[in-house]
Amino acid sequence: MCTSQQPDSQREDSLNCVAPTTLQKVLDECQNQRACHLLVNSRVFGPDLCPGSSKYLLVSFKCQPNELKNKTVCEDQELKLHCHESKFLNIYSATYGRRMQERNVCSSEAERLPPFDCLSYSALQVLSRRCYGKQRCKVLVNNYH
């Protein structure tokens, strides 16, 4: 990928060539930034553990959405999601059911609540299938849907 100045016969590929400070340097410069620029050389990521060998920086990252919203809708009501113009829905998490510790969410005084979590984890799949990539989405919140 990144060619070395040394012939292949003189090079030794070793895990020891990985700089231990790499993650911290990238986090310091890039975490929570909209963009970041790093000079990739031994002076930044040093010390040079493998002089004469070419190195590379591999960074795995993802961009967070501009705004992450949460919405709770009670059973038999309609969930309505929408994004501003030129933005599209991407569902990150969803659960349907009831959590034991959330007694005050969508419940009446007379209702007997279960003493355990009662959740359907297919909600993420259902909402993603129906809403992903759309600007607006409506879903009736019930056991059927």
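## A strand pair and its nonpolar core

L89 lies in the loop between strand 1 and strand 2 (96–98); strands (E, at least two residues) and helices (H or I, at least four) are DSSP runs, numbered from the N terminus. This is a predicted model, in which local features need pLDDT of at least 70 and side-chain atom pairs count only at pLDDT 80 or more, while totals for chains, interfaces and linings use all residues. Residues are numbered from 1 along each chain as its sequence is written, and side-chain values use heavy atoms, with hydrogens and water left out.

With a relative accessible area of 9%, L89 is buried (under 20%; exposed is over 50%, partly exposed in between, with a 1.4 Å probe and protein chains only). Its C-alpha atom is separated by 5.5 Å from that of K134, 45 residues apart along the chain.

The largest nonpolar core has twelve residues, including L79, L89, C137 and V139. Such a core is a set of buried Ala, Val, Leu, Ile, Met, Phe, Trp, Tyr and Cys residues joined through side-chain atoms within 4.5 Å. Helix 3 (123–131) provides the largest share of this core, three residues.

Strand 1 (residues 78–82) and strand 4 run antiparallel and are joined by five bridges; two strands pair if DSSP finds at least two bridges between them. K80 stands opposite K138 in strand 4.

The table gives contacts (heavy atoms within 4.5 Å), leaving out residues up to four places away in sequence.

| Residue | Contacts |
|---|---|
| L79 | K71, V73, L127, C137, K138, V139 and V141 |
| L89 | L81, H82, C83, C131, Y132, G133, K134, Q135, R136 and C137 |
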